[in-house]
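Hello,

Here is the structure for your files. Please open it first, then read the notes below alongside it.

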Amino acid sequence: VMTRTPGRPGATSVVDEHGCLVGFLTDGNLRRLLEQDRVRDVRAVRIDDVMTRSPRTIAPDTFAMEAMASLRHHRVDQLPVVAGAGRLVGLLAVQDLLDLRIG
C-alpha cells in the first residue's frame, strides 16, 4: 500500500496491511533508477526493488527545530512520521517547516 501526502510531491511512503512503514520512495530513487543504463523499461521495475527500506523517520512529538536539524543533517527534504510500533502517521517535508519560518 502506498500513501502520499496531498500537495507534497517528491516522496511516497509504502506501508504494510497494518499501516506500518516498510519503505520510502523518493524522486531521488527514481532519478537514480533512470540514470542506470541497464533499465530498459522503468514500468517493469517494482517499487519494492527501488524504494529505501528502513528509511530514516521522525516521531510525531519531535520539536520543529529538532526536525529541521535532522532534515539538514541527513540532507533530505522529507521524513516519514512514524508513531509507536512503526505505524505511519504522516510525512514531514522541509517546506512544512519553512512555511512556519523555522530555519
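This is a predicted model: local features need pLDDT of at least 70, side-chain atom pairs count only at pLDDT 80 or more; totals for chains, interfaces and linings use all residues.

Surface and overall make-up

Of the 103 residues in the protein chain, 32% are buried.

The protein chain has 4 helices and 6 strands. Read from the N terminus, the elements come in the order β-β-β-α-α-β-α-β-β-α. Among contacts in the protein chain with a separation of 6 or more, 46% are between residues 24 or more positions apart.

Strand 3 and its partners

Which strands does strand 3 pair with here? One is strand 2 (residues 11–15), which pairs with strand 3 in the antiparallel sense over 5 bridges. Within this pairing, T12 has L25 of strand 3 as its bridge partner. Strand 2 and strand 3 form a hairpin with 5 residues between the strands, and in this hairpin G19 takes a positive phi near 80°.

Another partner is strand 4 (residues 52–53), again in the antiparallel sense, this time over 2 bridges. Here F24 has T52 of strand 4 as its bridge partner.

How many of the 6 residues of strand 3 are buried? The count is 5, so strand 3 is mostly covered, taking buried to mean under 20% relative accessible area. As background, side chains in a regular strand alternate between the two faces of the sheet.

The largest pocket

Rolling a probe the size of a water molecule over the atoms shows where empty space is left. In this model, the largest pocket holds about 360 Å³ of space. The pocket is lined by 16 residues, and the closest to its centre are F24, T26, V76, D77 and Q78. The elements that give two or more residues to the lining are strand 3 (21–26), helix 1 (27–35) and strand 5 (78–82).

Which element gives the most to the lining of the largest pocket? That is helix 1, with 5 residues. Sorted by class, the lining has 5 nonpolar, 5 polar and 6 charged residues.

A residue to look at

Regards

Key: Residues are numbered from 1 along each chain as its sequence is written. Side-chain values use heavy atoms; hydrogens and water are left out. On a 1 Å grid over the protein atoms alone, a cavity is a set of points where a 1.4 Å probe fits but cannot get out, and a pocket is an open set with protein on both sides within 12 Å along at least five of seven lines; lining residues have an atom within 4 Å of a point. Grid points are joined across faces, edges and corners, and a volume is the space filled by probe spheres set on the points. Ala, Val, Leu, Ile, Met, Phe, Trp, Tyr, Cys and Pro count as nonpolar, Asp, Glu, Lys and Arg as charged, and the others, Gly among them, as polar. Buried means under 20% relative accessible area, exposed over 50%, partly exposed in between (1.4 Å probe, protein chains only). Contact means heavy atoms within 4.5 Å. Two strands pair if DSSP finds at least two bridges between them.
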